Each structure stands twice: as structure tokens, then as C-alpha cells.
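Good morning, and thank you for making time for this presentation.

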Amino acid sequence: MADCIVIGGGAAGMMAALSASGAGARTLLVERNEKLGKKLYITGKGRCNVTNASDMEGFQRAILRNPRFMYSAFSRLDNRALMEYLEGLGVPLKVERGNRVFPQSDKSSDVIAALRRALEAAGVQVLLNSRVKGLVIEDGRCAGVSMMDGQTLPAKAVVLATGGLSYPSTGSTGDGHDMARACGHDIVTPRPGLVPIETVESWPGTLAGLSLRNVRLSAWAAGPKKEKRFFSEMGEMLFTHWGVSGPLALTLSSLLPEDLSTVRLAIDLKPALDEQTLDARLLRDFGEMSRKRLISVADGLAPHSLAEQLLKLAGLSPSAPVNGVTAAQRQALLKVLKAVPLTPKRLRGFDEAIITRGGVSVKDIDPSTLQSRKVPGLYFAGELIDVDAETGGYNLQIAFSTGALAGRSAAEGTRA
């Protein structure tokens, strides 16, 4: 018999169970996998980017959908409080480029082990290899869960923290969406978020694995009267066999419209230089290398494999003599350096998505408690909710923060 049942043993679920137990509720954590934190284990390429050290204003800007919904959750557990909590559990942290926060050991397993020890110390009962079939609703309230093995587990409150659809191999297969939908909640159509982008162009595949730093990626889409730029940020990106990935492309993927037919992308390889300044540099380089081949100049502007491609895009031959390049040809190279053209074809699937866009509509959830507005006694946490953010630790913070608020609220609800 438990006061509170938490469904899902990821970041949100573990924090919800710890928070509920800490508030005095007898807590049961049910996880379908053979171990806790299976998705947490692979985050940050196995290094676990637990949060971001930006101030709260920066956090709000990084949330792409429904940022205001997060005010109460961040008040319960913000990034500074999370960092202090994890270090208090024996996980020293470090801050890297972009304010990304990682365990000093670079091991996600250290974070999971610390949370697992905390659950044990808090007296949380954990059921592994146990899959929930559905929610038990009695007299309009959530009164427990029914299990796949036929058992019914009663409870005064249930926290649904099953995750979205990204990385389904970790157990995120949409069970939570189905349970929420079954008791009347609106589900904003789930889509892959923070996912690589396939391009119409095939040439990025020849550069697969090449990363770019300090570049600007921009995106435009056709508007009613004229084309409108809807994304433009500086940072890092990566060429893949199918197109582009890396932080800039991943963040852009969560902002792309469903219809990509009118969308175009461009990479500014020299965002610190305006066209006039870059042209002056090209003129200087052309003068100093007038007796060399054009590829020699291009190699000074980009990695060799990319330099060759840039010349092709500009309609120039890598073996052409520098002293034979016309002003018009120089301008063509300049234009490519400032706007390498790409055309998005489609997003990669949930198997490669870091997070899920969409989920349980925030209109159906009380943001001050994360309790359902439709089914008292039911609470939501984590990726299941229609809130998502840029890459860089923001989404894990959302999971931990919503877990902390949902667990505490659920515990308080059992005493009402």
C-alpha cells in the first residue's frame, strides 16, 4: 500500500519519488525496465548534461514551448538548487562551454547511482521490470494503477512520468500519452525534437563527422508577403551522412514547421566579419597567393574537405590559378562563405531524437501543482508534458524541476 505511486524511473520520476517521500508520503516507484535511469544513462553522449548554469532569464529564453508554465516548477527546484542537491549526493559537477553542467567524472552512471542511493535512503520502494497497463479512476479521481500482470495497486495520488517517444529502446513508447488520453486529456501531437536534419543536398554526406564552431545557422520560410527569417543563432554544428546535426541544427529542428517545402537554411562560416571586411581579407589573400591555386586560399578559410565543396558551390575550380580569378568569381566565393545554402528535407525519427515535442497539453495541468485539471489525484512530470527547450541541459532541468514539484504536490494531496 502506497500513498503515492510514481510511474517511470527516469530523471523526472526519480526526483518525483524523492520529493514525495521527502514530504512524508509512502512512495512506490514503478519502472518497466530492468534498471532506473536508462535514458538518463545515454544523455550528453553518456556524460549526462544535468542542467545549464545560465540565470533564470536565460533559462526562460531557452524554453521553446510554454515557458511560463515552468515558473512554479523552477521555484520549487531551479538549476542552482539542483546542482547543490547533486553535489550533496556526492556528485561533483563542472561547467563547460555554453554553461553546460556535467558530473566531473563525465559519467552519467555516477548521477544515476547517487539518485538510486538517495531513493533507498528515503525508503522509496522500487518495482523494476513492472509495466503499468492503465490508471485506476474511481469517482472521478485517480486511485491507483492497474498492472500488466493483472494486479491493481491502490494509491491516493499518482505521478505520471513515463517520458515521451524519443529513444524508444529505453522504454519511451508513448504509454503515458495513452494513459492520459484514456482519462480525457488532450495530447499535443508528439514529434521528434532536438533531432538531426536531413537535407536535399547530398554533399554534406561527403563531410560526415566534420564539426564547425563559431558559425551562424539561419533559417527562412515563405510568409504571406515575403520570406521571413525565423531562426539565426551562433554556435556549433556537425555534418552527417544525411545532412546536419550538432547543437545549432538540433535546436533548429524543434522550431521547423511541419511543411518544409518553403524553408531554406544558410550557414555563415565567418559571422564575425561583415561582407566588406571579408572581401578585404579575400583580396589580401589573393594578393599574397597570386601564384598559387585557388584551393590554397580556400584552405585558409575552412577545413580542406569543406574548402573544396565551397569552391564547387561558388562555381569555381580548386585548381584554378588565383591570379586568374575575376571580381565576380571572388564575389561568388564571398557569398558562399557568408551563406552556405542547404535545403531541409525531413527530420530524423524518434530513434535519434533527444526529446519529444508535444505531449499532455499544459491547459489540462495546474502549473502551480502539476495536478491534472481533469482528474484529481493525477500529476504529470517530465517529457510527457508539452514543454521543451533547446539543447544544453535545459530539458533535463525541466524533468528534475517538474518531478520535484509533482512529487511534493502529490504528497501534499494525499493529506488533503
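Let me begin with a definition: helices (H or I, at least four residues) and strands (E, at least two) are DSSP runs, numbered from the N terminus. By that numbering, A2 lies in the segment before β1, which covers 4-7. Please bear in mind throughout that this is a predicted model.

Let me stay with A2 for a moment. Is A2 buried or exposed? Its relative accessibility is 7%, and because buried means under 20%, A2 counts as buried. Leaving aside residues up to four places away in sequence, A2 touches R26, L28, P154, A155 and K156.

I turn now to the chain as a whole. The protein chain has 416 residues, of which 55% count as buried. It contains 13 helices and 22 strands. The C-alpha trace spans about 85 × 45 × 35 Å along its principal axes. If we take the contacts between residues at least 6 apart in sequence, 72% of them join residues at least 24 apart.

With 1% relative accessibility, T402 counts as buried. What does T402 touch, not counting residues up to four places away in sequence? The partners are M70, A73, L370, F380, A381, G382 and I385.

Next, the packing of helices. Two packed helices are described by the angle between their axes and the distance between the axes.

The pair I take up now is helix α1, residues 11-22, and helix α6, residues 108-122; their axes come within 10 Å and cross at roughly 25°. That angle makes α1 roughly parallel to α6, since angles under 35 degrees count as roughly parallel. The crossing of these two helices is left-handed. Which residues meet here? From α1 they are M14, A17, L18 and S21, and from α6 they are L115, A118, L119 and A122. Sorted by class, the contact of α1 with α6 has seven nonpolar residues, one polar residue and no charged residues.

The other pair is helix α9, residues 275-288, and helix α12, residues 327-338. Their axes also come within 10 Å, and they cross at roughly 125°. The angle makes α9 oblique to α12. The crossing of α9 with α12 is right-handed. On the α9 side, the contact is made by E275, L278, D279, L282, L283 and F286; on the α12 side, by R330, Q331, L333, L334, K335, L337 and K338. By class, the contact of α9 with α12 has seven nonpolar, one polar and five charged residues.

I now come to burial within individual helices. In helix α5, residues 79-88, the buried residues include N79, L82, M83 and L86. Why do they lie on the same side of α5? They cover an arc of only 100° around the axis, and this puts them on one and the same side of the helix. As a general point, an α-helix has 3.6 residues a turn, so residues three or four places apart point the same way. The face of α5 turned away from its buried side carries E84 and G88, which are exposed.

Helix α8, residues 246-253, is mostly covered, with seven of its eight residues buried. These buried residues are G246, L248, A249, L250, T251, L252 and S253.

N99 lies in the loop between β5, 93-96, and β6, 100-103. Its phi is near 65°, a positive value in a residue other than glycine. At 34% relative accessibility, N99 counts as partly exposed. D139 lies in the loop between β8, 132-138, and β9, 141-147. Phi of D139 is near 55°, again a positive value in a residue other than glycine. Is D139 buried or exposed? With a relative accessible area of 82%, D139 is exposed.

That concludes my presentation, and I thank you for your attention.

Note on methods:
Residues are numbered from 1 along each chain as its sequence is written. This is a predicted model: local features need pLDDT of at least 70, side-chain atom pairs count only at pLDDT 80 or more; totals for chains, interfaces and linings use all residues. Side-chain values use heavy atoms; hydrogens and water are left out. Axes are lines fitted to C-alpha atoms, for helices over the stretch in contact, and angles run from 0 to 180 degrees between N-to-C directions. Angles under 35 degrees count as roughly parallel, over 145 as roughly antiparallel, 65 to 115 as roughly perpendicular and the rest as oblique. A crossing is left-handed if the near helix is turned anticlockwise from the far one by less than a right angle, and right-handed if clockwise. Contact means heavy atoms within 4.5 Å. Ala, Val, Leu, Ile, Met, Phe, Trp, Tyr, Cys and Pro count as nonpolar, Asp, Glu, Lys and Arg as charged, and the others, Gly among them, as polar. Buried means under 20% relative accessible area, exposed over 50%, partly exposed in between (1.4 Å probe, protein chains only). The arc is that of the directions from the helix axis to the C-beta atoms.
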